[in-house]
Amino acid sequence: MSEAKHGIREKFIEAANRKKILAHKCSKCSQLMLETVMFCEKCGASKFEDVELDGKGTVVTYTIQAVAPEGFEDAGSYAWVVFKINRTQLRASGFLPGVKTPKDLPIGAKVEVTGFDPKHGLLLKQD
Amino acid sequence: MSKLFIFKNVLVLYMTEKVCAIGAGSTKYGKLSESIIEIALSAAKDAIESAGITPKQIQAGYISNVFGVADKQVHMAPVIMSNLGISQVPGLTIESACGSGSVMFREAFANVAAGFYDCVLALGVEKVTHTGTAHSTTLFSYCSDFFYEGGNGASFPGLFASMARAYMTTHKATEEDLANVAVKNHENGFHNPKAHVRKKITVDDVMKSPVVASPLKILDCCPFSDGASAVILCSEEFAKKSGKPYVEVIGSGRGASPAAVQGREDITTIPSTVAAAKAAYKMAGITAKDIDFAEVHDCFTIAEIIDIEDLGFFPKGKAAKAVRDGATRLDGEIPINPSGGLKSKGHPIGATGVGQVVEVFDQFTGRAGERTVNGAEIALTHNFGATGASAAVHIFKKVDRK
């Protein structure tokens, strides 16, 4: 396996820092998957084309972490969000700071990727 | 017995022994001061004595555990075997997050069913409370698909809270509906002397308890627990010769789901549960309607709501009303978690799936006291790892030895 610097996750992080979501498109059946999947979940093929998706989507579900886990104590009030990436059936999840109550974040709200933080992961903001 | 079948034009012969549980034991669940090995041995001793056997009759040991490293012990099976005085007996340690116990039980079951062994020990154990709540929360988060979940700030309560929000949005359930699950399980656990939290609570108590990850509050969550549970599994012939009361395992199923919540098309169901239940029902030749009670994985209140739909006890979206109407109480149409469940009995994650089997054994052999489900003859256990990435379902039949 290649070193982390050039690994798949590093490529995902590099894309996130350009506000993109890196995905794999199966060369055989065109199924779209997140970049960490090594064999096509639909046809089993292992050849992919990298696809950079616009890091925008809509909120599917979320939680507001009142008790922050270790490493997130300094994050203030935030939500962990599952969102559907626009114009795809793919879902991703990320860290959305500044959410205090459910009124701040209705299901279906628009979010977008703003980068990747080594401490807090995939950073989101409300669109 | 042996069976023959044809697979791809090849005649296959395989053994299928009936598998029975002839002994079972648990420590109390809670904050325990002993070492993880001492906790494990205590449950093993209880199970061996209740089976009326000696350790020398055990031919293999199956051990489930997740965080042995937190008590400075991995490769646990040979250590347990050695301390039972049977160091020559092969052991296997299995990890599958919170579902470790049932996944391990499945392997123990399969090896007896295949005829490899006549008598085995299936034992689950966990010890985490000494690490403190914050660090235990971190350890548990490593059971998630960490790059996408724990690494982006989701704790396990947070992951299940996201499932709760999806369920409540889709099926118009309320936070009070979730609270009803906790109230019912604490009612049952009050009658279980080995339960971690033996305290009755009200819906109001749940609603006023501090939020952990909205919409889940602290009383929607099971506790971190230490504890061990053990079962002696054997062939039917071995069970009959023992002269002891026993329980037959009539169904066993495994299932899997995408590891991360984001990978699931429908967040209000757990595919691994559906698949495991389907396989177990098929093997047993019964349906959900034939189950007299069930021990299900209620790590959080929303989990039980989803479980009892996925297991086929209630139609999709109807579980909250069923719980509200009392259908899952001890005297209801399908009692759920008579032991108190993970919520009240506790959740020593390596032991939980085995503890559910211990409850079935206790119920079917007259050891369940005030929480006995009257007239029960068929029971189901359901246990999963993480947010349901892996699951196992087992079905048991009471054997009348009169």
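At what angle do helix 6 and helix 10 of chain B pack, and how far apart are their axes? Keep that in mind while you get your bearings. This is a predicted model, with ipTM 0.94 and pTM 0.95. Colour chain B by pLDDT: the mean is 96, and 97% of its residues reach 70 or more.

**Stop 1: the helix pair.** Select residues 175-189 (helix 6) and 301-310 (helix 10) of chain B; they pack at about 95°, with axes 8 Å apart. Angles from 65 to 115 degrees count as roughly perpendicular, so that is the label for helix 6 against helix 10 of chain B. Now show side chains. From helix 6 you get B:L178, B:A179, B:V181 and B:A182, which meet B:T301, B:I302, B:E304 and B:I305 of helix 10. By class, this contact has 6 nonpolar, 1 polar and 1 charged residues.

**Stop 2: the sheet.** Switch to cartoon and pick out the open, mixed sheet of 9 strands in chain B, ordered 5-4-6-9-3-10-13-12-11. Strand 5 (91-94) and strand 11 (293-295) of chain B each have a single partner, so one side of each lacks a neighbour in the sheet. From strand to strand, the twist averages 25°.

**Stop 3: strands 6 and 9.** Select 119-126 and 227-235 in chain B: these strands run antiparallel, joined by 8 bridges. For one of the pairings, click B:L123, whose bridge partner in strand 9 is B:A230.

Methods: Residues numbered from 1 in each chain as written. Chains lettered and ligands numbered in written order. Predicted model: local features only at pLDDT ≥ 70, side-chain atom pairs only at ≥ 80, totals over all residues. Pairing = 2+ DSSP bridges. Helix = DSSP H or I, 4+ residues; strand = E, 2+ residues; numbered from the N terminus. Axes fitted to C-alpha atoms, helices over the stretch in contact; angles between N-to-C directions. pLDDT = per-residue confidence, 0-100. Parallel < 35°, antiparallel > 145°, perpendicular 65-115°, else oblique. Contact = placed C-beta atoms within 7 Å. Nonpolar A, V, L, I, M, F, W, Y, C, P; charged D, E, K, R; others polar.
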